[in-house]
Amino acid sequence: MTELTYGQVQRNYRDHLKNASVDTKATIRVALQSNFTIDPFAAYLWSVAADEGVDVSVYCGPYDQYAQEFLAPDSGMYASKPHISFMIFGPGMESRAESIPDAVNTIINAFAINSDAALVISNLISPSTPFRLSRSADKIPVSLTNDALDIIAQNKPGVRILDIDGLASFLGKERITDHKLHYLGKIDFSHAFMTLLAKKCMTYIRLISSAPRKVLALDLDNTLWGGIVGEDGIDSISLSDSRAGQEFHDFQKEIKSLQERGVLLAICSKNNPEDALNAINNHPGMVLRESDFSAIRINWRNKDENIREIASELNLGTDSVVFLDDSPVERGIVKTALPEVAVPDLPGDPVLYATFIKHLDLFESFSNTEEDANRVKMYADQKKRDSAKNGFSSVEDYIRSLNITLSVSPVSDKSFSRACQLIMKTNQFNLTTRRHNENAVKSFMSSPDYELLALSVQDSFGDSGITGLAILRYESDKCVIDTLLLSCRILGRRIEETFISEIARRAAAKASFLTGEYIPTRKNEQVSSFYERMGFSNTSSTDNIVTYELDLSGKLPDPPNLHMLKVEEHK
Amino acid sequence: MNENLVEIFKRMFKLEEVKADASPDNLEAWDSYAHIELILEVEASFGISISTSDAVELTSFKKIEDYLASHGAC
């Protein structure tokens, strides 16, 4: 994966999507939500999963619409029926840090009502300030927010907080973004970080797709100590808490801490039992002793047979066993004979053993106990009752909470170039995708038959500037909407409904009918039924253009009453 | 035509032959995501760094070819 480039990862994924037949049921359906462009990350997730032989299909929520996606029961995410959803916060969230715990609480509650799936929410990446004399003032809310998120998730089984801040520190915060990807595509993570994050997400996917591992079966020679006890003797094996062989001692300490967390230990070794047990019980460097092991198989039989016996002695399936052995040959035999056993490749150098096992996440479980899993359901039921009682916060409530103010004003010399830019660049919410050039737009502005309206949007997070445009053309008793577009940054807030109702109000002053046109393109499917939804009637349809009309003497489209509207009339 | 660039275009957009006027308007696969990949690929292949403001403007085979020539990369 790491050897691949950004482009190769994306191309492989696109080829996969092209070749995957529609009715293929992916084993695991994953949904991704984020406050930035998460789509390219889907390719990384698919790629990492495919490397592990796991088939995933990935749904990506629209740009920065995570709140709507979680709150609306009919959102694209819920329609995709995910087994697991990820909410990933990108860098630069410091200014929003204070509001995040509440937002996350809302997300968790809404998700519990609408889905039985697992939910993983990232914490926030705290900014690194290596060259300041003291911590940035922003740092405090971010770390407080992250503490709050941990507490929120603790009380909500089925929900996990992904420590993306820790992951970013691990890679180096300098390296988590790629400024070119950010400025060209609002993709806030670098190739290296997306690779790492995909592996992390895969850990959670593994947890929901397979039973957690419960047993760690260990080889002895060159695994728990250096050397071969049967040949070198107990005094010559390499194992010590302070001298040569310390790496094996440290490795054993890590294994001991796994045992303390509930992992059962077993020995699976080709040895003379007397030699081996003598070392285990009497060598001063040993951390683990015979009594730490729940099952012991020290003999000269094949290891796959021994593992089968260990599992049955512990009343577990072989699919709950992890086997560690320094010998690639022994690992290969077990992998082939018992493919359901997890057989990670121990690093070649024993000094890496301790770090290796610390990062081995096979023993994690999504909910810590079965009781936790039941609590998920109890919790969800409770929430359903609560919501019936006090009308759970809806998408409408969310949009209202944003305090959106829309301003509609004629395109002026000042807004001219931004208007032209929107005409050239907007693809998705664009009813006609007519790419008028600057000269054409200038001539519209000076013509009495045209009205050009710029829409700007402000909300509690700031001012998005001019993010919508309409070009109206008056001909006899008709007003034709030549162009109607909104930037994708402001979608999902029902702003288009307020905008069209304002357009209708203006048109009614000069015309009897308002004509709307929809010209289908590869990217504007989402607006195909927009005019219908706004109460227009369809008057003609061809493959290339669908025409709608609204009688302006009748009922005009109602604004959704979710936004403040400021209007400036034509001079 | 710049052969290295032709190869990149063939690979990226799965083309048999590449025309100098190839652009997002006549290549369906050339969307905003593909554009980012293309810029990164050109940078890696030619060992150059393209500024973001230039990258936004490089919207045809010809424009990229001219850019490479004027920046001494081929």
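Of the 571 residues of chain A, 52% count as buried, buried meaning under 20% relative accessible area, exposed over 50% and partly exposed in between, with a 1.4 Å probe and protein chains only. The accessible surface of chain A comes to about 26200 Å², and 49% of this belongs to carbon and sulfur atoms; the areas come from the Shrake-Rupley method with a 1.4 Å probe, and for residues only the protein chains shown count as cover. The model is predicted: local features need pLDDT of at least 70 and side-chain atom pairs count only at pLDDT 80 or more, while totals for chains, interfaces and linings use all residues. Residues are numbered from 1 along each chain as its sequence is written, chains are lettered from A and ligands numbered from 1 in the order in which they are written, and side-chain values use heavy atoms, with hydrogens and water left out.

Chain A contains 21 helices and 18 strands, taken as DSSP runs (helices H or I, at least four residues; strands E, at least two) and numbered from the N terminus. Among contacts in chain A with a separation of 6 or more, 72% are accounted for by residues 24 or more positions apart, a contact being heavy atoms within 4.5 Å.

An open sheet of chain A is formed by five strands in the order β2-β1-β3-β4-β5, with parallel pairing; strands pair if DSSP finds at least two bridges between them. Its edge strands, β2 (56-60) and β5 (159-162) of chain A, each pair on one side only. From one strand to the next the twist averages 20 degrees; angles run from 0 to 180 degrees between N-to-C directions, and axes are lines fitted to C-alpha atoms, for helices over the stretch in contact. Strands β1 (residues 28-34) and β3 (residues 84-88) of chain A pair in the parallel sense over five bridges, and L32(A) stands opposite F86(A) in β3(A). Helix α2 (residues 39-51) of chain A packs on the sheet, where it touches β1 and β2 of chain A, and its direction makes about 165 degrees with that of β2(A). Helix α5 (residues 100-114) of chain A also packs on the sheet, touching β3, β4 (118-122) and β5 of chain A, at about 170 degrees to the direction of β4(A).

T223(A) lies in the loop between β6 (215-218) and α10 (229-232) of chain A. T223(A) is buried, with a relative accessible area of 0%. Beyond residues up to four places away in sequence, T223(A) touches F248(A), F251(A), L324(A), D325(A), D326(A), L346(A) and Y353(A).
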